[in-house]
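Please find below a colleague's note on the structure shown here.

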Amino acid sequence: MRAFEILWIVLFRFHWVARIWAILLILVNLAALLFLDTYCAKACLLAAAAGIAVMIAIYLKHGFVRLLGIGHAFWIPMLAWFAWDLPDASENHALFVWVLLLILFNSISLVIDALDVTRYLRGERAPFYRW
């Protein structure tokens with residue numbers, strides 16, 4: 001149950017701008033459920049599940065620290081694969097648009113995560129949110 005604390009912190013404790021960003025990021029990734037018959041959706045959900053598992057482990061050991069962003073590392077190969085092999089826009093326009101949005105949102109999030117992990121490695125290790 002403590003694992004849900006991560007989500008509650010994001011949804012209820014973040015500054016409103018970061019909260020809106022996080023909600024949009026979650027929604028873009030959850031949109032994979034609309035395309036379950038595609039490799040893109042399956043890869044997205046697998047990367048999300050693996051990342052969530054890593055983030056839960058970090059959270060349970062260290063609390064809500066900047067190192068949590070490392071859980072999104074599973075997105076790196078996924079995004080490279082999707083950018084290399086974009087779905088055909090004329091075949092499935094909705095899938096094409098979703099993959100583009102996924103690449104955009106997750107790439108921006110990876111930059112934010114890289115900054116956070118760097119700050120953690122440089123010494124900012126105290127949890128910055130508590131439930």
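1. This note concerns a predicted model. Ser 109 is taken up at the outset: with a relative accessibility of 4%, this residue counts as buried. Ser 109 belongs to helix α5, which covers residues 93-121. Apart from neighbours within four places in sequence, the residues in contact with Ser 109 are Trp 21, Leu 25, His 72 and Trp 75.

2. How many salt bridges does the model contain? The count comes to 3. One of them joins the side chains of Arg 66 and Asp 116, with an N to O distance of 2.8 Å. This pair links distant parts of the chain, since Arg 66 sits in the loop between α3 (39-62) and α4 (75-84), whereas Asp 116 is in helix α5, 50 residues apart. Both Arg 66 and Asp 116 are buried.

3. Arg 66 also meets the side chain of Glu 124 in a salt bridge, at 3.2 Å from N to O. Glu 124 lies in the segment after α5 and Arg 66 in the loop between α3 and α4, so this pair ties together parts of the chain that are 58 residues apart in sequence. The two partners may be set side by side: Arg 66 is buried, with a relative accessible area of 14%, while Glu 124 counts as partly exposed at 37%.

4. Glu 124 forms a further salt bridge with Arg 119, at 2.9 Å from N to O. Arg 119 is partly exposed, its relative accessible area being 36%. Through shared partners, the salt bridges join Arg 66, Asp 116, Arg 119 and Glu 124 into one network.

5. Which bonds between cysteines are present? A search of the whole structure for disulfides finds 0. The sulfur of Cys 40 has its closest cysteine sulfur in Cys 44, and because these atoms are 9.0 Å apart, they are too far for a bond. Cys 44 is accordingly in no disulfide. Cys 40 is buried, with a relative accessible area of 0%, and Cys 44 likewise counts as buried, at 1% relative accessibility.

6. On the surface, a nonpolar patch is formed by Phe 4, Leu 7, Trp 8, Phe 12, Ile 26, Leu 30, Leu 33 and Leu 36, which together have about 730 Å² of accessible area. The elements giving two or more residues to this patch are α1 (4-12) and α2 (16-30). The largest share, 4 residues, comes from α1. Phe 4 is placed in helix α1 and is partly exposed, with a relative accessible area of 47%.

How values were computed: Residues are numbered from 1 along each chain as its sequence is written. This is a predicted model: local features need pLDDT of at least 70, side-chain atom pairs count only at pLDDT 80 or more; totals for chains, interfaces and linings use all residues. Side-chain values use heavy atoms; hydrogens and water are left out. Patches are made of residues with over 30% relative accessible area and no salt bridge: like charges are joined within 9 Å, nonpolar side chains (Val, Leu, Ile, Met, Phe, Trp, Tyr) within 5 Å. Accessible areas come from the Shrake-Rupley method with a 1.4 Å probe; for residues, only the protein chains shown count as cover. A salt bridge is a side-chain nitrogen of Lys or Arg within 4 Å of a carboxyl oxygen of Asp or Glu. Buried means under 20% relative accessible area, exposed over 50%, partly exposed in between (1.4 Å probe, protein chains only). Contact means heavy atoms within 4.5 Å. A disulfide is a pair of cysteine sulfur atoms within 2.5 Å.
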